[in-house]
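Here are my notes on the charged side-chain pairs. Please read them with the structure open.

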Amino acid sequence: MLATPDMTEQFTAALTSERARLVRLCARLTGSSAAAEDLAQETLLEAWRALEKLRDASGISPWLSAIARNVCLRYQRRRGRELAHQLPGDAEAWMAAELLADDEPLSLAVEDAE
């Protein structure tokens with residue numbers, strides 16, 4: 001389907017009106033209100049690029065929700081991989097901080113940890 005200038009204007013208006021809902025949806029899907037704004041923006045960008053795939057303009061809300069779900073799933077996978085790579089270093093730092101925070105002598109804490 002070729003996008004006419006009138007369709008493009010309608011699509012732009014629809015995207016603008018859906019933005020706040022998408023931010024809320026992304027926040028709910030990821031549990032991160034900090035990332036929700038960026039994820040909603042990424043959703044709108046992907047929707048804009050895929051405009052020709054939209055068959056029925058009346059179904060824009062479910063279509064955008066599906067795109068947002070995919071964007072959020074990719075974000076969660078990427079975030080999970082990043083956290084998995086950071087975990088060993090963070091776990092060691094956490095353990096060292098716990099050991100130093102205890103009142104018992106460090107040598108006893110190290111023995112207990114082993």
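1. Start with Arg21. In this predicted model, Arg21 forms a salt bridge with Glu18, and the closest N and O atoms are 2.6 Å apart. Both residues sit in helix H1 (residues 5-30). They are 3 residues apart, so about one helical turn separates them.

2. Arg21 counts as partly exposed, at 25% relative accessibility.

3. Next, Arg74 and Glu42. These two form a salt bridge, with 3.7 Å between the closest N and O atoms. Arg74 belongs to helix H3 (residues 60-101) and Glu42 to helix H2 (residues 33-49), so the pair ties together parts that are 32 residues apart in sequence.

4. Arg74 also forms a salt bridge with Glu46. Here the closest N and O atoms are 2.2 Å apart.

5. Which residues make up the network of salt bridges? Glu42, Glu46 and Arg74 are linked in it. Arg74 is partly exposed, with a relative accessibility of 32%. Glu42 is partly exposed at 28%. Glu46 is partly exposed at 26%.

6. For the overall count, the structure holds 4 salt bridges. Those described above include Arg21 with Glu18, Arg74 with Glu42 and Arg74 with Glu46.

Note on methods
Residues are numbered from 1 along each chain as its sequence is written. This is a predicted model: local features need pLDDT of at least 70, side-chain atom pairs count only at pLDDT 80 or more; totals for chains, interfaces and linings use all residues. Side-chain values use heavy atoms; hydrogens and water are left out. A salt bridge is a side-chain nitrogen of Lys or Arg within 4 Å of a carboxyl oxygen of Asp or Glu. Helices (H or I, at least four residues) and strands (E, at least two) are DSSP runs, numbered from the N terminus. Buried means under 20% relative accessible area, exposed over 50%, partly exposed in between (1.4 Å probe, protein chains only).
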